[in-house]
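Let's take a walk through the charged side chains of this protein. Have the sequence and the 3D view ready.

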Amino acid sequence: MEITIDLKGLQPLIANEEISRLELAAEAAYKTLINKSGKGNEFLGWVDLPSSTSAALVSKLMLVAKQLAQISEVCVVTGIGGSYLGARAVIEALQHSFASLLPAKGQPIIIYAGHQLSADYMSDLNDLLEQKDYSLIIISKSGTTTEPAVAFRMLKSHLEKKYGKAGAQQRIIAITDKSKGVLKQLADREGYEQFVVPDDVGGRFSVLTPVGLLPIAAAGFDITALLQGARDMQQELTSKASATSNIALQYACARNACYQKGYFNEILVNYEPRLLYLTEWWKQLYGESEGKEGKGIFPAGVSFTTDLHSMGQYIQDGERKLFETVLSVTDSNRQLFVPNDTENADGLNFIAGKSLNEVNHKAELGTFMAHRDGGVPVMRIVISKINEYSLGQLLYFFEFACAISGYMLGVNPFDQPGVEAYKNNMFALLGKPGF
């Protein structure tokens, strides 16, 4: 496996006995998940998704992605929450940090809409799309979620004005319900290419469905390797019922041990800027799955070493109600070495000749030691390198551990009743009939 978990940094703040005390609860949650006998069991299609995704579907996704690349400089992925975060997490982890500023390499730049209601953002997007050939992937099970529906209404109109109705029809891909909903009806009527959001997979668990796979393929990345990583992790996690051998159960036990001891906030830490949106995806996954019935660990994220110069002060010396999960990457994809400077005015010749990756890892180790000594429990999830295969493993690992942790907490990890509260108020304030 590409992923390992290191819990030594939890000690002495969280004793091994406090973690092992939760192993029976984790193993019971595992049985509930595998047997599909718990709350929300109608949304467990993601459990078998990596192994059940057909080669025919993957081939079709890759073909459509290739067709989009032939006609598009830009592809606008329109969705909110799980309808875009998973794809964005993978794409931004894999793409060149300055992809949008480099010469095109045969794939469209992926940009996003429908994830907020900003007039300035949409106006700026229109300015860009006036100058670019573009296509649109609209992702919505119902077609009525406010933010993506508003953006799609605007972008569809823009596409039809720019390319004509027939031209727009070739540039719109709908990922939606297989048989019902406003978007499904529109896609059938207009003749859009379509992919299905499975009925038994909730949005935040949907990254390994066409919801995530098509945008990732359109960006030029290897979805077969992504799925293989997830498939191997599925085999690993679903075949080990013991908390002593299953890393997802170990993570669930550790974070719940922290929670029971009064550490109510979990911070996911990365030391690679390209993992920023992996953190955003993780925040949605855990926040929406566990934050209910007055319970739940609050998920937050920081990017080090950048945030050591801002949030680092609070983490080191603030209230002791948080713990850290460090997402550690062993090897960088590229090597860069610190040069020697004859004047040494900055005093940094002591690291001359060292790789920047080594310097980054020493910063990680130094921070780990400082925060643990300062009263912060710290655990590490380690991957060897950022690539499609390791990301597939990581995505499935976090999903599986989230389900286990939610069941241990006693909540339904697969619903989100609180999301409707703001919508009801917004609709009433906007004058929607019936609200």
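What is the relative accessible area of Asp199, and is Asp199 buried, exposed or partly exposed? Before we get to that, keep in mind that this is a predicted model. Asp199 has a relative accessible area of 35%, so it falls in the partly exposed class.

Now look at what Asp199 touches. Its side chain meets that of Lys178 in a salt bridge, 3.8 Å from N to O. The two partners come from distant parts of the chain, 21 residues apart. Asp199 sits in the loop between strand E6 (193-196) and helix H9 (210-218), while Lys178 belongs to the loop between strand E5 (172-176) and helix H8 (182-190). Lys178 counts as exposed because its relative accessible area is 51%.

Asp177 has a relative accessible area of 3%, so it is buried.

Elsewhere, Lys240 bridges to Glu236, with their closest N and O atoms 2.7 Å apart. Lys240 is partly exposed, at 28% relative accessibility.

Asp120, Asp124, Asp127 and Glu130 form a patch of negative charge on the surface. Asp124 is in helix H6, which covers residues 119-129, and its 52% relative accessibility is why it counts as exposed.

Technical notes
Residues numbered from 1 in each chain as written. Predicted model: local features only at pLDDT ≥ 70, side-chain atom pairs only at ≥ 80, totals over all residues. Heavy atoms only, no water. Patch = residues over 30% accessible without salt bridge, like charges linked within 9 Å, V, L, I, M, F, W, Y side chains within 5 Å. Areas by Shrake-Rupley, 256 points an atom, 1.4 Å probe, with all protein chains shown as cover. Salt bridge = Lys/Arg side-chain N within 4 Å of Asp/Glu carboxyl O. Lys, Arg positive; Asp, Glu negative; His and termini not counted. Charge placed at Lys NZ, Arg CZ, Asp CG, Glu CD. Helix = DSSP H or I, 4+ residues; strand = E, 2+ residues; numbered from the N terminus. Buried < 20%, exposed > 50% of the residue type's maximum accessible area, 1.4 Å probe, protein only.
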